[in-house]
Amino acid sequence: MGGLIYSQDTKPLFKGAKVISENGRFKIYNEDRSYMQSCEVVVSARAFGGGDDLHQPIGMSNASRRKVCYVAFWDEITLKTQEAEGQRMDSNHMIGKWRIIVVKELPFADQRLNGKIPKMSAHRLFPQA
């Protein structure tokens with residue numbers, strides 16, 4: 001299968017450094033893809049299905065503030081849950097230091113499996129890191 005990750009319906013989720021084609025699943029907006037490809041050092045989190053609270057990093061040096069991309073992968077359910085609790089994204093898709101990437105069309109009903117995709121594919125999602 002040549003290193004591709006497949007969804008339940010066997011469509012490629014990732015090919016090369018690109019995230020999902022229009023026909024695939026686990027869709028990420030092009031604006032988010034561009035941001036992810038610019039990251040050299042990454043801390044990522046993922047929460048699907050309502051998920052966990054997002055905590056801001058503490059004790060960072062000035063160098064870390066400049067170099068590290070903090071990225072959280074959420075689905076629309078988690079976004080709505082967090083907004084109801086007062087965590088709102090700004091115009092740059094940020095909540096504090098975290099860039100929120102809202103994923104569309106998750107391939108699995110089990111949210112734990114959906115969480116494995118960004119965890120196990122970080123090298124493809126963040127090719128410069």
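A charge is taken to sit over a ring if NZ of Lys or CZ of Arg is within 6 Å of the ring centre and within 35 degrees of the ring normal. R99 meets this rule, lying over the face of Y35 at 4.5 Å from the ring centre.

The model is predicted: local features need pLDDT of at least 70, side-chain atom pairs count only at pLDDT 80 or more, and totals for chains, interfaces and linings use all residues. Residues are numbered from 1 along each chain as its sequence is written, and side-chain values use heavy atoms, without hydrogens and water.

The chain holds 5 helices and 7 strands (DSSP runs, numbered from the N terminus; helices are H or I of at least four residues, strands E of at least two). Their order from the N terminus is β-β-β-α-β-α-β-α-β-β-α-α. Of the 129 residues, 36% are buried (under 20% relative accessible area, 1.4 Å probe, protein chains only).

By the ring-pair rule (Phe, Tyr and the six-membered ring of Trp, centres within 6.5 Å), there are 3 aromatic pairs. F26 and F48 pair edge-to-face (planes over 60 degrees apart), at 6.4 Å centre to centre and 70° between the planes. F26 lies in the loop between β3 and α1 and F48 in the loop between β4 and α2, so the pair ties together parts 22 residues apart in sequence. Both F26 and F48 are buried. Y70 and W98 are also edge-to-face, at 5.4 Å and 70°. Y70 is in strand β5 and W98 in strand β7, so this pair links parts 28 residues apart in sequence. Y70 is buried at 10% relative accessibility, and W98 at 7%.

Note on methods: Buried means under 20% relative accessible area, exposed over 50%, partly exposed in between (1.4 Å probe, protein chains only). Rings of Phe, Tyr and Trp (its six-membered ring) pair if their centres lie within 6.5 Å; planes under 30 degrees apart count as stacked, over 60 as edge-to-face and the rest as tilted.
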